Amino acid sequence: MKNLFNLICKPLISILLALVLILSNVAEANAFCGFYVGGADAKLFNEASQVIIAHKDNKTILTMANDFQGAVKDFALVVPIPVAIKREQVNIGSTEIIKKLDTFSQPRLVEYNDPNPCEPPRHVFESSGRFSGAIPPPAPALSKPRSSLGVTIEDQFKVKEFEILILSAKESDGLETWLRTNGYQIPKGASEVLKPYIRQKMKFFVAKIDLKEFKKAGQTTLRPLQIAYQSPKFMLPIRLGMLNAKGDQDLVAYILSPKGQVEVANYRTVKVPTGQEIPEFVKEDFGKFYKTTFQRSYEKENKKVAFLEYAWDVSNCDPCSTTPPDSDELKKAGVFWQEGGDRTFITRLHVRYSRNKFAEDLVFQETSNQDNFQGRYVMNHPFRGTMTCSAANQYRQQVSKRQEKEVQNLSQLTGWSAADLRKRVKPLIAANPIKKVNDQPFWPWAKP
Amino acid sequence: MIKSLDPRVYQIGFLGLFLLVGIGARDWSLQPMVVATAIIGCAVNQLIAKSIFQPKENPLPSLQSSLITSLGLALLLRTNHPTTMLLAATVAIWSKFLFRWDDKHFFNPANIGIVAVVTLTGDAWVSPGQWGEDWLYFLMFLAAGSLVLKKVGRWDTSVAFLASYAAMEAARSIYLGWTWDVWAHKMMSGSLLMFALFMVTDPRSIPNARSARLVWSVVIAGATFILRNYYYVPSAVFYALFIMSPLTLILDAIWSAPKFSWEKLRPFTFNKTKLEA
C-alpha cells in the first residue's frame with residue numbers, strides 16, 4: 001500500500017504543486033493599471049437592457065432602465081415579481097445613476113507612455129474627485145381594487161408619469177386576455193411564458209404611461225422604474241423579454257451587495273478577456289474592438305454563459321473611468337445598507353441571451369468573493385522623441401517585438417486578420433531615424 | 001496488477017483531473033495557496049487524528065482518503081483566505097473521528113467541511129454554476145464516475161439519487177408549464193452530476209445495505225428539491241446531504257449489512273457485496 005501511495009499519489013501531488021507555482025506567477029503579472037483612456041459602455045450594444053440590483057439578505061431594490069424604442073403611448077412593461085408590492089415600494093429611478101454605474105464599471109482602455117530610454121525614470125500621479133445628486137421625491141398613491149378573468153388587481157397607483165398595477169392571476173390565458181383588453185400590447189405567445197410565473201404564485205408588476213403627466217413633467221425619454229421587495233428569491237426573469245426579441249438580447253446588470261461578488265448560480269459566470277496589450281490604433285475605435293471581442297468570447301463559450309465585466313468595491317477603482325459613486329449616488333442606485341456602515345461591492349454582469357440557449361431565468365447568488373476584476377486593455381505608446389544613447393537601439397527592437405505581440409493579441413481577441421492589422425501599426429524606426437549610424441556594427445552577430 | 005488497485009487511487013486520479021480541467025478550461029480562478037492548504041491541511045490533520053484515535057494502525061494508507069477529501073474541498077469550496085480552507089479541512093478530517101457510531105463515521109467529510117465554513121465564517125461559498133451544462137463535461141463525469149462506482153459497488157446510490165431528483169424536477173416542470181429545455185438545463189448541471197457520482201456515494205459514510213441506500217438517496221433528492229425550489233438555496237445539495245447524514249445510523253439499524261472497508265475491497269468481495277445486498 002505504501003508503494004502504491006508513492007507510485008500514484010506523490011506524482012499527482014507534484015503535478016498539483018507545479019500547477020500551483022505556475023498559477024502564482026501568472027497572478028503576479030498585473031500589478032499596474034495605467035491611465036484610463038476610454039471605455040465601452042452599454043450603449044454600444046443595441047437594445048441592451050440595463051438593471052441595477054441592490055441586494056442584502058432578503059431585500060432587493062431593482063432599478064430597470066426603460067430602453068423602449070417605440071412611441072411612449074405604446075409603452076407597457078410586465079415584470080414578474082416574487083411578492084405583491086405597495087405604492088411606497090415603487091419609485092422613479094435616476095437615469096444618471098445608471099449612466100454613472102455604466103461608466104464606472106465599463107470595460108476600459110488604458111495607456112502607458114514609454115519613457116525616453118535615454119533618461120532616468122520619473123513617477124506619475126493620478127487625481128480623483130466626487131460629485132453628488134438629489135433623490136427624486138415619491139408621488140401620491142391611488143387605489144382601486146377589482147377582479148375579472150381570474151386576474152386580481154392587488155394594487156393600483158400612479159408614480160409620476162407611470163400608471164402601475166400589481167396583478168395576481170389564476171390562469172395565464174385569463175391574464176393575457178385581461179392585459180390585451182385593458183390596452184396593454186403584449187406579444188403573442190405570452191400566456192405560455194406567463195403560466196410558470198402564475199403557478200409559482202408570483203405577482204406581476206405592470207406599468208404604462210400617463211401621457212398627460214409625461215408631457216406635464218416635460219419628459220422626453222422614459223425614466224427608470226425602481227421597485228423594492230422582500231423575498232428570498234434572488235433572480236431576474238428574462239424569459240418574458242425573449243418574446244419580443246428579434247435575436248440575441250443583451251442585459252447588463254449592475255449588482256450591488258455588501259458581501260462581495262455576485263455570480264449566476266444556474267449558468268457559468270465567465271470573466272471577459274482582460275489585461276491584453278493591444279496596438280495603439282485601437283484607441284480610434286475602442287467600442288468596435290470591445291464589441292467584436294465580446295461577440296467572439298460569447299461564441300467561444302457556446303453562447304450560454306454570463307460574462308463578468310467588472311467586480312470591485314465601489315469606494316475605489318484603478319484606473320478610474322469616472323469618480324467612484326458617492327453615498328448619495330449609491331442611495332439613488334438602491335443601496336439601503338450604508339447607515340449600518342457596510343461596504344458596497346459592485347458586480348457588472350453582461351448576459352447575451354437567446355431563447356434556445358437560456359431556458360431558465362437567471363438565479364443569482366451572493367458570495368464573499370472580494371477579488372477585484374475589470375475588463376481592461378492596455379495600449380503602450382513608444383517614445384517617439386529624439387534618442388541619442390546606445391540603449392535606443394535595444395529599445396527600438398523591444399518596441400518592434402512588442403508591437404508584433406500586440407497585433408497577435410488583437411487578432412486573437414477579435415478574429416481580425418493579423419496581416420491587415422500589421423499595416424496599421426506605426427513602427428518606431430521610421431519615426432526615429434537612427435542618428436549615429438557609426439555606432440551600429442555591420443556584423444553584430446560576428447562580435448565576440 | 002491494475003485490477004487490484006484500490007478504487008481510491010482512481011478517485012484521486014479523476015478528482016485531480018477535474019481540478020486541472022476546471023482551472024485550465026472552465027475559467028476557475030483558484031488561489032494556489034488555498035488548494036495547497038486543502039491538501040496539506042487534510043493530510044496533517046489525518047496524521048494527527050489517526051495517531052490519537054488509532055495509534056496502532058499505520059496512518060499512511062489513510063492519507064489516500066484525506067487526499068480525496070482535500071481534492072473534493074479544492075474542487076467545490078471557494079474562499080478568500082487559506083485559513084478558511086484550513087478550517088474546512090480540519091472540520092472535515094476530525095468529523096471522521098468525532099462523529100462516529102458503531103465504529104462508522106456518518107458525515108461525508110468534504111461535505112461537512114463545506115457546510116461548516118459556508119455557514120459559520122462568511123468567507124466561503126460554493127459556485128454551483130462552475131461546470132456549466134456542456135455534454136462534454138457530462139460525459140466526462142459519467143465515464144469517470146461509473147468506473148469508480150463499479151469498483152466500490154455504489155452505483156445504485158447515484159442512480160437512485162439522480163432518477164428520483166430528475167422525476168421530481170420533471171413533475172414540477174410539467175406542473176409549472178415549463179418547456180423541457182428548462183428541465184434538461186437543470187439536470188445537465190455538471191455540479192449536480194459531480195455531487196451524485198462522487199459525493200453522495202462515499203461508501204464509508206452512507207448506509208451499508210442496498211435497500212437502505214436507495215431510501216437514503218431518495219430522501220436526499222427530496223431534501224435537495226425542496227431546498228432548491230422552495231427555499232431558493234442555490235447549493236441545496238450540500239445542505240440536503242448534511243441534514244440527512246445522521247439518517248445513515250437509523251437506516252443501518254433497520255437494514256443490516258457488512259460495513260464497507262477499503263482494505264477488504266477486492267474484485268471478488270465486490271461481487272459478494274452485490275449478492276448480499
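This is a predicted model: local features need pLDDT of at least 70, side-chain atom pairs count only at pLDDT 80 or more; totals for chains, interfaces and linings use all residues.
Local features are given where pLDDT is at least 70 and side-chain atom pairs count only at pLDDT 80 or more, while totals for chains, interfaces and linings use all residues. Residues are numbered from 1 along each chain as its sequence is written, and chains are lettered from A and ligands numbered from 1 in the order in which they are written.

**Between and within chains**

Let's begin where the chains meet: 40 residues of chain B are in contact with 39 residues of chain A (contact: C-beta atoms, placed from the backbone, within 7 Å). On the chain B side, α1 (7-25) is one of the elements that give two or more residues, and α1(B) gives the most, with six residues. Helices here are DSSP runs of H or I with at least four residues, and strands are runs of E with at least two, numbered from the N terminus.

Chain A itself is divided into domain 1 (31-379) and domain 2 (383-446), with bounds from an automatic or database domain assignment. Across this division, 17 residues of domain 1 of chain A are in contact with 21 residues of domain 2 of chain A. The largest share of the domain 1 side, four residues, comes from α6(A).

**A helix pair in chain B**

The axes of α10 (residues 210-230) and α12 (residues 247-254) of chain B come within 9 Å and cross at roughly 150° (axes are lines fitted to C-alpha atoms over the stretch in contact, with angles from 0 to 180 degrees between N-to-C directions). That angle makes α10(B) roughly antiparallel to α12(B), a term for angles over 145 degrees. Among the residues that meet are Trp216(B) in α10(B) and Leu251(B) in α12(B).

**A sheet in chain A**

An open sheet of three strands in chain A has the order β12-β19-β14, with antiparallel pairing (strands pair if DSSP finds at least two bridges between them). Because β12 (235-236) and β14 (262-264) of chain A each have a single partner strand, one side of each is left without a neighbour in the sheet. Two bridges join β12(A) to β19 (residues 362-366) of chain A, and Met235(A) has Val363(A) in β19(A) as its bridge partner.

How values were computed:
Angles under 35 degrees count as roughly parallel, over 145 as roughly antiparallel, 65 to 115 as roughly perpendicular and the rest as oblique. Two residues are in contact if their C-beta atoms, placed from the backbone, lie within 7 Å.
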